[in-house]
Amino acid sequence: MVDIQWILGVEPSQLPSEWREAVQDLFLQETGEAYADVSVSSLPIPAWEGNMLLVDMKLYPDPLALKGLLWSLPFLDHGVRIAAFAIRSDLQGMGWGSKAWNHLMAAARTEQKIFVQLEVKAANIRAQQFYRVRGLEVKTHLENYYQSGLGFMMKGPIPQIRTSK
Ligand SMILES: CC(C)(COP(=O)(O)OP(=O)(O)OC[C@H]1O[C@@H](n2cnc3c(N)ncnc32)[C@H](O)[C@@H]1OP(=O)(O)O)[C@@H](O)C(=O)NCCC(=O)NCCS
C-alpha cells in the first residue's frame, strides 16, 4: 500500500479529460451520482490543501491511478464546503478518508475557518456516521437536491487545537 497516497489536485477544469472521466466513474460507482463532464469541470474547487486526489503511484499518470478524492472549497467568510468525497470501495474502511479529513481540518484551521458543511444523501447512513463521529450534525433537510431522494445538509465546527494545561 506504500504506492497509494494523497496528492494535491489541480482545479477540475485543468484536469486532463481522461482524468475527468475517471472522476465521473468514481462518483457514479461510489456515490451513485451521474455527473456530466461539464458538471465536473465547472466545479469551483481551487488548487489548495482541500483539493486532494488519492492515487496509486504505480499506475500514475494513467487515470486508472485515481482511487479517491476530496474536493472542498472555502465557503462564506469562515467556512469550508465539501463538494465531493469518495474512495474506491476496495480501499474504503482503511483510514484513507480519515487521513484526508484530518488534512483538510488542519488546512481549514490555518485559514481561520471555523465550520465545515456538506450535502449527503439521507440513505447514505455510513457516510453520515463518518461525519457524526467527526462532530457534524444534520442541519437542513434537502428535498430537491438529489434526484434519488431526500438529502441532508450536515455542518460542524472545525476542531481547534487544544492548549495543554
Ligand atoms: C465516506 C468515505 C469517504 C470515508 O472514507 P474511508 O476511507 O472509507 O474512511 P476510513 O477508512 O477513514 O474510516 C473512517 C470510519 O468509517 C468507517 N468505515 C468506513 N468505511 C467503512 C465500511 N466500508 N464499512 C464499515 N465501516 C466503514 C470506519 O470504521 C471508520 O470509523 P470511525 O469514523 O469511527 O473512525 C468512504 O467510505 C466513501 O467513499 N464512501 C462512498 C462514497 C460516499 O458515500 N461519499 C460521501 C458522500 S457525502
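P61 sits in the loop between β2 and β3. The model is predicted, and local features need pLDDT of at least 70, side-chain atom pairs count only at pLDDT 80 or more, and totals for chains, interfaces and linings use all residues. Residue numbers start from 1 along each chain as its sequence is written.

**Overall fold**

- The protein chain has 4 helices and 7 strands.
- In sequence order, the pattern of the protein chain is β-α-α-β-β-β-α-β-α-β-β.
- The radius of gyration of the protein chain is 16 Å, close to the 15 Å that the globule rule gives for 165 residues, so the chain is as compact as a globular protein of that length. This radius is taken over C-alpha atoms, and the globule rule is 2.2 Å times the number of residues to the power 0.38.
- The C-alpha trace of the protein chain spans about 45 × 40 × 30 Å along its principal axes.
- Of the 165 residues in the protein chain, 26% are buried. A residue is buried if 20 or more other C-beta atoms lie within 10 Å of its own, exposed if 12 or fewer, and partly exposed in between, with C-beta atoms placed from the backbone.
- Among contacts in the protein chain with a separation of 6 or more, 62% join residues 24 or more positions apart. Two residues are in contact if their C-beta atoms, placed from the backbone, lie within 7 Å.

**Ligand surroundings**

- The ligand is surrounded by 19 residues, and the closest are Q92, G93, G97, S98 and A127. A residue is near a molecule or strand if its C-beta atom, placed from the backbone, lies within 6 Å of it.
- At least two residues of this shell come from each of α1 (17-31), β4 (79-87), α3 (96-110), β5 (115-121) and α4 (125-133).
- The element that gives the most to the shell is α4, with 4 residues.
- By residue type, the shell holds 10 nonpolar, 7 polar and 2 charged residues. Ala, Val, Leu, Ile, Met, Phe, Trp, Tyr, Cys and Pro count as nonpolar, Asp, Glu, Lys and Arg as charged, and the others, Gly among them, as polar.

**Helix α1**

- The 15 residues of α1 should span 21 Å at 1.5 Å a residue, and the end C-alpha atoms are 21 Å apart, which agrees. The expected span is 1.5 Å times one less than the number of residues.
- W19, R20, A22, V23 and L26 are buried in α1. They cover an arc of only 155° around the axis, which puts them on the same side of α1. The arc is that of the directions from the helix axis to the C-beta atoms.
- An α-helix has 3.6 residues a turn, so residues three or four places apart point the same way.
- S17, E18 and Q29 are exposed on the other side of α1.
- The buried residues of α1 are covered by elements including α2 (37-41), β3 (66-75) and β4.

**Helix α3 and M105**

- From first C-alpha to last, the 15 residues of α3 reach 22 Å, close to the 21 Å expected at 1.5 Å a residue.
- W96, A100, L104, M105 and A108 are buried in α3. Seen down the axis of α3, the buried residues fall within an arc of 170°, so they line one face of the helix.
- S98 and T110 are exposed residues on the face of α3 turned away from its buried side.
- Cover for the buried residues of α3 includes β1 (4-8), β2 (51-56), β3, β4 and β5.
- M105 counts as buried because it has 20 C-beta neighbours inside 10 Å.
- Leaving out residues up to four places away in sequence, M105 touches I158 and P159.

**Backbone exceptions**

- Most residues other than glycine have a negative phi, and most peptide bonds are trans.
- Y60 and P61 are joined by a cis peptide bond, with omega about 5°.
- L76 is not a glycine, yet has a positive phi of about 50°. L76 is found in the loop between β3 and β4, and is exposed, with 10 other C-beta atoms within 10 Å.
- Q112 is not a glycine either, and has a positive phi of about 60°. Q112 lies in the loop between α3 and β5, and counts as exposed with 9 C-beta neighbours inside 10 Å.
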